[in-house]
Amino acid sequence: MLVRDGAHGPEVFLQRRVGEMAFAAGMTVFPGGGVDPSDASVALDWAGPDADWWAEAFGIDAGRAQALVCAAVRETFEECGVLLAGPTADTVVTDTSVYAEARGQLERRELSFAEFLTRENLALRADLLRPWDNWITPVIEPRRYDTRFFVAVLPQGQLADGATSEAEVVSWCTPAEAIRRWHEGTDVLLPPTWTQLAALGEFASTAEILAADRTIAPIMPVYDPEADGPALAFPNAERYFAELPKNARIRGSQRPE
């Protein structure tokens, strides 16, 4: 989740996925993607909390934690051109356009993220990220993911763009605006995305977001067609389904007749 301070409070960068995607086609989401297992043990210049710290935050082993952080930084760069890295441990690049060719190579998997950082003499700025949440896809879904959410503030001088084949529309907006667009049926938000937006909307600045004390426990929505309330249970599900546009079709959103 990439955020910045705006005139009306924190804003978040969102992408509407193209309709041809195998998962969450047409949904409005945060930048993200898959983990490269090779990132778990690779040596690279790393600034900020080490892999053990991230492992404790997410309740996993250090190797997997390192791979997750690398994935968060790599996917943010690939999908919107924002790079959380710098030539030293206390600096961050300002003009990422000079790495446009490498960005394409990363997207095509012609270049590993560690190779890119080493070639450009860049340190990964893990201190610019914060752990935020962990959602696991319900067992009723054919495609399942164990997703870790991170949050980072847009570095000064950098621009987030829509130069990715995975998104048809990109925008900055406040969490409240994003939820309003979902409520009106303009955008489609899956429960994990809606939940993160609702949480971000409670903060008055990006500084407050970064300072938030988060306790992260896995959340896996449970489908129960016999439930008295929403058939898909997760934190604040009652509010989500109460505000869900009437023409929306989210699995588990309807109670059986």
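Leaving aside its neighbours within four places in sequence, which residues is F113 in contact with? Keep in mind throughout that this is a predicted model.

1. Start with F113. Once neighbours within four places in sequence are set aside, F113 is in contact with C70, V73, R74, L83, L106 and L124. F113 also turns up in the largest nonpolar core, a set of 38 residues. Together with L2, L83, F116 and L129, F113 is listed there as having the most contacts inside that core.

2. Who builds this core? The elements that give it two or more residues are α1 (51-58), α2, α3, α4 (113-119) and β8 (146-153). Helix α2 supplies the largest share, namely 8 residues. Apart from this core lies another one, made of 27 residues, and F30, V151, L197 and I219 are among them.

3. Not counting residues up to four places away in sequence, F116 touches F77, L83, Y99, A102, L106, L111 and L122.

4. Now the packing of α2 on α3. The axes of helix α2 (residues 62-80) and helix α3 (residues 100-107) come within 9 Å and cross at roughly 115 degrees. That angle makes α2 roughly perpendicular to α3, and the crossing is left-handed. On the α2 side the contact uses F77, E78, E79 and C80, while α3 brings R103, L106 and E107. By type, the residues of this contact divide into 3 nonpolar, no polar and 4 charged.

5. Helix α2 also packs against α1. Here the angle is about 95 degrees and the axes are 8 Å apart, which makes α1 roughly perpendicular to α2. From α1, the residues A51, D52, W54 and A55 meet A62, A65, Q66 and V69 in α2. The residues of this contact divide into 6 nonpolar, 1 polar and 1 charged.

6. What is buried in α3? The buried residues are A102, R103, G104, Q105 and L106, and what covers them includes α2 and α4. Two of these names have come up already: R103 and L106 take part in the contact with α2. A102 and L106 are also among the residues that F116 touches.

7. Is Q105 buried or exposed? Q105, which lies in helix α3, is buried: its relative accessible area is 17%, and the cut-off is under 20%. Leaving out residues up to four places away in sequence, Q105 touches E110, L111 and R119.

8. Helix α3 is followed by R109, and the phi of R109 is positive, near 60 degrees.

Methods:
Residues are numbered from 1 along each chain as its sequence is written. This is a predicted model: local features need pLDDT of at least 70, side-chain atom pairs count only at pLDDT 80 or more; totals for chains, interfaces and linings use all residues. Side-chain values use heavy atoms; hydrogens and water are left out. Axes are lines fitted to C-alpha atoms, for helices over the stretch in contact, and angles run from 0 to 180 degrees between N-to-C directions. Helices (H or I, at least four residues) and strands (E, at least two) are DSSP runs, numbered from the N terminus. Angles under 35 degrees count as roughly parallel, over 145 as roughly antiparallel, 65 to 115 as roughly perpendicular and the rest as oblique. A crossing is left-handed if the near helix is turned anticlockwise from the far one by less than a right angle, and right-handed if clockwise. Contact means heavy atoms within 4.5 Å. Ala, Val, Leu, Ile, Met, Phe, Trp, Tyr, Cys and Pro count as nonpolar, Asp, Glu, Lys and Arg as charged, and the others, Gly among them, as polar. A nonpolar core is a set of buried Ala, Val, Leu, Ile, Met, Phe, Trp, Tyr and Cys residues joined through side-chain atoms within 4.5 Å. Buried means under 20% relative accessible area, exposed over 50%, partly exposed in between (1.4 Å probe, protein chains only).
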